[in-house]
Amino acid sequence: MKIDCTIDGKTLTLSLNSDKPLSLILRENMGEDSALNHCSGRMCGLCTVLVDGKAMLACMVPAFEIRGRNVTTFASFRKTRNMKDIEKAYESVGRYPCSECFPSRSLIFESLIDEGITDPEEILKEFTIVKCPCMDPDDAVNIVRRGIEIRRKRNVRRPQLT
Amino acid sequence: MYEGLSSPNIHTPSNLSEYASTILHYPSSTLWAGGTFIMTRPEAYPSRTMNAEIIYLGNIEELHRFQRNDRSAEFGAMVTLDGILSTGKAVLPRVLIDNIQTIGSRLITRRATVGGTISTKDFTTSFPGTLITLDASAEVRFIRKRRLHSRWMPITRLLDKAGRIAIPQQGMISRVRIAFTDKNCQYFDEVGSFMLDPENSVAAAFTATLDQDILINPKIAFTYPTHGVCYSRDIDSIFSSLRFPLDDAEFSTLEQMIFTFVESSFQDISPLQRTRTSGIIRKIVDDLNEKALTISPESR
């Protein structure tokens, strides 16, 4: 099956098995093996990607569902200004995720910051998918809140002087 | 890897009449809603048992609708669980919201759909049990005489003798109607992980109105993922006959009666499931006892 999609900003036409999980597509067809783990649906949470800007588990997305959609992996996301905001938030709170869950947590943080979610319950619920115990729940909430502040400041346009 | 294996054909009908013609052409095809259950099976890819034809329901516009009036809410089968929370959190019954929230991260609930959670094959999620306690009904679409028919049925009538949701061959659930309820006792609990440890997990949903010390219209459903939903009017009537608070002896009798019924339906539930079921019953009764005791004696 031929599938047209955009992965990390590149428009591609891939010839794939139609039910192949996105996590395997990224590993085998795209050579993206940095942080993606094919856990056979055990929901380890480490294969998080952004599909049209929303965090999703790549092992749950079949190939036919990415047709015409925009997939962003951590490999390309780390170079964006949005990632710099998240890094600033990590620095500000003084907590960083461990190297294993850094990509997936960062993408989930991005999804939460983008939606502007500040409710601690919702934030913690979102992180239940990542089993790694490297980060305190309070720190995760603070990072999201700080990230939203940083993003707002960046997005505020300075008034133009005439 | 596995690229040499035959790739399933994906059909993407954009409305129900296209769905009807597709299912008539490919009667043994697999219906694909959110895919959360199918994709989390270890044998999901490369699948040896997967049918060669898949009908993806995500493009059918009718299945994404959400309607609400004063008395009930109607969800299309492809409305996601996250969609239910965002559209009806303020008005929908507490037990339903609790059920969705226990499923976990929005990474899952954003993909899991109403129809998919009811109609999973060889597996029962906690959702049908909750819908049963809420007297929900579902619109079932099925093919008869080469035409697509629809029929509203209470979820209880979709349960077969084994406690599984049974949908007619070539049929699907297109809408689910949930009535708003003012029952003052609503309880949902899931112990263990349905997806990761289905052999040992159990869920229970309970709704009732506690009026002074008796329960009016109580409904309780236990769900064992690998067995099915255990629901009976007999258990409901046992609860109706009780006067709260219950003492330990009354509780033991109630527990025994419930287990007699559960074990007559599902003979081989695991010891851990049994213990967990017992714990859930204890929690429900404790909650009811507490509520019954907080009612002032004058109002009794």
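Is B:N217 buried, partly exposed or exposed? The legends below take this up along with some other spots. This is a predicted model, in which local features need pLDDT of at least 70, side-chain atom pairs count only at pLDDT 80 or more, and totals for chains, interfaces and linings use all residues. Residues are numbered from 1 along each chain as its sequence is written, chains are lettered from A and ligands numbered from 1 in the order in which they are written, and side-chain values use heavy atoms, with hydrogens and water left out.

View 1. B:N217 counts as partly exposed, at 42% relative accessibility. Here buried means under 20% relative accessible area, exposed means over 50%, and partly exposed is in between (1.4 Å probe, protein chains only). You will find B:N217 in strand 11 (residues 214-224) of chain B. Helices (H or I, at least four residues) and strands (E, at least two) are DSSP runs, numbered from the N terminus. Although B:N217 is not a glycine, its phi is positive, at about 50 degrees. Most residues other than glycine have a negative phi.

**View 2. A:D8, in a loop of chain A.** A:D8 sits in the loop between strand 1 (2-7) and strand 2 (10-15). Its phi is a positive value near 50 degrees, and A:D8 is not glycine. With a relative accessible area of 24%, A:D8 is partly exposed.

**View 3. The peptide bond between B:F244 and B:P245.** This bond is cis, with omega about 5 degrees. Most peptide bonds are trans. Look for B:P245 in the loop between helix 9 (233-240) and helix 10 (248-265) of chain B.

**View 4. A:E126 and its contacts.** A:E126 belongs to helix 5 (residues 120-126) of chain A. This residue is buried, because its relative accessibility is 0%. Leaving out residues up to four places away in sequence, A:E126 touches A:I108, A:S111 and A:L112, as well as B:S105, B:R106, B:L107 and B:R110. Contact means heavy atoms within 4.5 Å.

View 5. B:T181 lies in the loop between strand 8 (172-179) and strand 9 (185-191) of chain B. B:T181 is partly exposed, at 27% relative accessibility. Between B:T181 and B:L134 there are 47 residues of separation in sequence, yet their C-alpha atoms are 7.6 Å apart in space. Not counting residues up to four places away in sequence, B:T181 touches B:P93, B:L134 and B:Q186.
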